[in-house]
Amino acid sequence: MIRHLERWQPWLSTAARLFLAGVFLWAGWPKLLDSAGTVRSVRAFRLLPEALVPAFGYALPVVELALAVLLLAGLFTRVAALVTAGLMVMFLFGITMAWSRGMSIECGCFGNAGTLVTDPVPGYVRDILRDLGFLVVALALARWPRGRLSADRYLGLSAAEPVPAAR
């Protein structure tokens with residue numbers, strides 16, 4: 001069983017890498033196109049001092065798109081996966097804080113503008129479960145970053161191929 005998983009691990013890591021790259025492309029592009037909406041979304045959470053809100057709002061889509069490119073290329077995969085996991089923890093914290101404070105806002109995760117909603121609880125639960133899933137994928141990729149079709153592999157930046165177990 002374990003030998004079977006070892007054989008599929010590079011392909012599973014590649015799938016995880018491409019999946020997370022797609023998520024960040026999907027999340028970052030609309031935010032980049034609507035920077036003012038992204039700043040409004042960050043402001044709606046009321047977690048940062050106002051002086052930091054614009055910088056964070058403008059930087060977030062750039063970071064997300066940079067991670068998407070790194071993950072898509074498979075370059076610095078472990079670092080990109082760890083930064084992705086850190087972002088997921090940050091997003092989970094923000095959503096949980098908004099929910100615990102009784103705030104009724106859209107998360108702005110995929111380009112929404114932090115608008116008010118009438119019943120945010122189903123949205124908060126869905127967002128938390130989604131981000132927990134992304135966190136698990138990111139942590140698994142950080143643990144097993146060696147994949148196929150990656151710049152790390154072609155540049156010799158990934159760990160050496162494991163030696164097959166003796167029979």
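**Contacts, cores and salt bridges**

Trainee: Leaving aside its neighbours within four places in sequence, which residues is phenylalanine 24 in contact with?
Mentor: Contact means heavy atoms within 4.5 Å. With those sequence neighbours set aside, the partners of phenylalanine 24 are Trp29, Glu64, Leu65, Leu67, Ala68, Leu71, Thr84, Leu87 and Met88.

Trainee: What kind of model is this?
Mentor: Residues are numbered from 1 along each chain as its sequence is written, and side-chain values use heavy atoms, with hydrogens and water left out. Local features need pLDDT of at least 70, side-chain atom pairs count only at pLDDT 80 or more, totals for chains, interfaces and linings use all residues, and the model itself is predicted.

Trainee: How many helices and strands are there in the protein chain?
Mentor: Both are DSSP runs numbered from the N terminus: helices are H or I, at least four residues, and strands are E, at least two. From the N terminus on, the elements run α-α-α-α-α-α. The count is 6 helices and 0 strands.

Trainee: What share of the residues in the protein chain is buried?
Mentor: Buried means under 20% relative accessible area, exposed over 50%, and partly exposed in between, using a 1.4 Å probe and protein chains only. Of the 167 residues, the buried share is 40%.

Trainee: Which residues touch the most other members of the largest nonpolar core?
Mentor: In soluble globular proteins, nonpolar side chains tend to be buried together. A nonpolar core is a set of buried Ala, Val, Leu, Ile, Met, Phe, Trp, Tyr and Cys residues joined through side-chain atoms within 4.5 Å. The largest one here has 32 residues. Those touching the most other members are Phe24, Leu71 and Ile105.

Trainee: Which element gives the most to this core?
Mentor: Two or more residues come from each of helix 1, helix 2 (35–45), helix 3, helix 4 (77–100) and helix 5. With 9 residues, the top contributor is helix 4.

Trainee: How many salt bridges does the count come to?
Mentor: A salt bridge needs a side-chain nitrogen of Lys or Arg within 4 Å of a carboxyl oxygen of Asp or Glu. By that rule, the count is 4.

Trainee: How far apart in sequence are the parts that lysine 31 and glutamate 64 tie together?
Mentor: Their side chains meet in a salt bridge, 2.8 Å from N to O. Both residues are buried. Lysine 31 lies in helix 1 (residues 2–33) and glutamate 64 in helix 3 (residues 53–73), so the parts tied together are apart in sequence by 33 residues.

Trainee: Which residues are linked with Asp127 in a network of salt bridges?
Mentor: Aspartate 127 bridges to arginine 130, with the closest N and O atoms 3.1 Å apart. Both lie in helix 5 (residues 120–143), 3 residues apart, about one turn of the helix. Aspartate 127 is buried at 9% relative accessible area, whereas arginine 130 is partly exposed at 22%. The residues linked with Asp127 are Arg130 and Asp131.

Trainee: Are the planes of tryptophan 99 and tyrosine 124 stacked, edge-to-face or tilted?
Mentor: Rings of Phe, Tyr and Trp (its six-membered ring) pair if their centres lie within 6.5 Å; planes under 30 degrees apart are stacked, over 60 edge-to-face, and the rest tilted. The search of the whole structure finds 2 aromatic pairs. In this one the centres are 6.0 Å apart and the planes at 35 degrees, so the pair is tilted.

Trainee: Where do tryptophan 99 and tyrosine 124 lie?
Mentor: Tryptophan 99 is partly exposed, with 34% relative accessible area. Tyrosine 124 is buried, with 2%. The pair ties together parts 25 residues apart in sequence, because tryptophan 99 lies in helix 4 and tyrosine 124 in helix 5.

Trainee: What is the phi of phenylalanine 76?
Mentor: Phenylalanine 76 sits in the loop between helix 3 and helix 4. Its relative accessibility is 47%, which counts as partly exposed. This residue is not a glycine, yet its phi is positive, at about 55 degrees.

Trainee: Where is arginine 46 found?
Mentor: Arginine 46 also is not a glycine, and its phi is positive, near 50 degrees. Arginine 46 is exposed, with a relative accessible area of 57%. Its place is the loop between helix 2 and helix 3.
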